[in-house]
Amino acid sequence: MATMADVARSAGVSVATVSHVLNGTRPVLPHTRQAVLDAVEELGYTTNTLARSLVTARTRSIGLAVSAISNPYFTEILQGVETAALEAGYSLLIADPHDDPEHERKVVRLLHERRVDGLIVAPSADPHGLLDYLGRHDVPAVLLDRLVNATGKDGGPFFDQVCADNAEPMSRLVTHLAGLGHRRIGLVAGRPGLSTTSERITGYRSGLAFAGLAYDERLLVHGDSESAGAEQATQALLSLGVPPTALVTGNNAMTIGVLRALGARGLSVPDDIALCCFDDFAWADLFSPRLTAIAQPGRDIGARAVRVLLERLAEPGRPVRTVRLPCTFVHRTSCGCTSPSEEGTPS
């Protein structure tokens, strides 16, 4: 097996220079760097990650805790995290908290015990145990998608956070439907306690106000961020004495449940009821009608979370920040428009 000394002899450089190239610890002239990389390739050299971690106290690994299995949106985020981590030379350890606070604490502890350099976590609706563990053990972490109110000594956020805009894009869906003449617009909202749920409800209410429509609490139901819950919640909306003429869903999983409920009632979209959804997904353009949606930049969110975490690792004392990325309004036909003219516009 080739050693670092073998690489150094083949490239005509010192062992220290090989180390700097492989670990990115010091700038190296481009031609020297290429000579080292060519020697690595020719000799088939692989780094001894375990030995390096014993010396540096770093494993060059990141722990990711998201409910990727139960939430298709997080699959896109996972892809963004994985790509960015690999490009930076980090491996990825993944655990699914299942949006359960107790399981969340367990998987985060297990990831931390694997000596990952830092964690990226999408918090549950009750993240107190998670935040306590991260703070008590001083774990470098970035909170993903869902914001928390934990504050540091300066009154600002205690952890770096990366998420999408929520309120304004949801408001845009509501005002779009109002502009098409709808006066009773229902919202199938997500799980209570999540910041994404509360922010999208805020956007829903501001959209109604902007359109001059009164807020009716009976038109807001919770689908608990999953298909089955959304199906039941939609049935409740459709059972009202005066049911809504348009619906907005709070995420892609709930959109499926809403469509099931409408189908069970024999209702056609958009002829009988208009539909818009927060979260675009790969097959939304294949539905008939095609779904008008807010597309979140899932991969960009994941990649940005990795960069924010690596910056935190490089500079632990830097100010904590919250990064929000813009969404895109994808205009199709489920809203009732026959010739969409705004597809792909930022929101």
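Biologist: With which side chain does the side chain of His182 make a polar contact?

Modeller: In this predicted model, the side chain of His182 makes a polar contact at 2.7 Å. His182 itself lies in the loop between helix H8 (167-179) and E6. The partner in that polar contact is the side chain of Thr245.

Biologist: Is His182 buried or exposed?

Modeller: Leaving aside residues up to four places away in sequence, His182 touches Leu177, Leu213, Thr245, Ala246, Ala274 and Cys335. The relative accessibility of His182 is 15%, and buried means under 20%. His182 therefore counts as buried.

Biologist: What is the relative accessibility of Val258?

Modeller: Val258 has its place in helix H11 (residues 252-264). When residues up to four places away in sequence are not counted, Val258 touches Val188, Ala230, Thr234, Leu247, Thr249 and Leu275. Val258 counts as buried, because its relative accessibility is 0%.

Biologist: How many Å separate the C-alpha atoms of Val258 and Pro244?

Modeller: Along the chain, Val258 and Pro244 are 14 residues apart.

Biologist: How far apart are the end C-alpha atoms of helix H12?

Modeller: Helix H12 (residues 298-314) has 17 residues, so at 1.5 Å a residue it should span 24 Å.

Biologist: Which elements do the buried residues of H12 pack against?

Modeller: The buried residues of H12 include Ile301, Val308, Leu309 and Arg312. One of the elements they pack against is a helix, H5 (72-87). The others are strand E1 (61-65), strand E3 (118-121), strand E4 (141-144), strand E5 (160-164) and strand E11 (322-325).

Biologist: How much space lies in the largest cavity?

Modeller: Rolling a probe the size of a water molecule over the atoms shows where empty space is left. A search of the whole structure finds one cavity of 30 Å³ or more. The space in the largest cavity is about 160 Å³.

Biologist: Which element gives the largest share of the lining of the largest cavity?

Modeller: Of the 18 residues lining the largest cavity, the closest to its centre are Thr196, Arg200, Ser225, Gly250 and Asn251. By class, the lining has six nonpolar, eight polar and four charged residues. Two or more lining residues come from each of H5, strand E6 (185-189) and helix H9 (195-210). The largest share, three residues, comes from H9.

Conventions. Residues numbered from 1 in each chain as written. Predicted model: local features only at pLDDT ≥ 70, side-chain atom pairs only at ≥ 80, totals over all residues. Heavy atoms only, no water. Helix = DSSP H or I, 4+ residues; strand = E, 2+ residues; numbered from the N terminus. Expected span 1.5 Å × (residues − 1). Buried < 20%, exposed > 50% of the residue type's maximum accessible area, 1.4 Å probe, protein only. Contact = heavy atoms within 4.5 Å. 1 Å grid on protein atoms, 1.4 Å probe; cavity = no way out; pocket = protein on both sides within 12 Å on 5 of 7 lines; lining within 4 Å. Points joined across faces, edges and corners; volume = space filled by probe spheres on them. Nonpolar A, V, L, I, M, F, W, Y, C, P; charged D, E, K, R; others polar. Polar contact = N/O pair within 3.5 Å; in protein donor to acceptor, adjacent residues only side chain to side chain.
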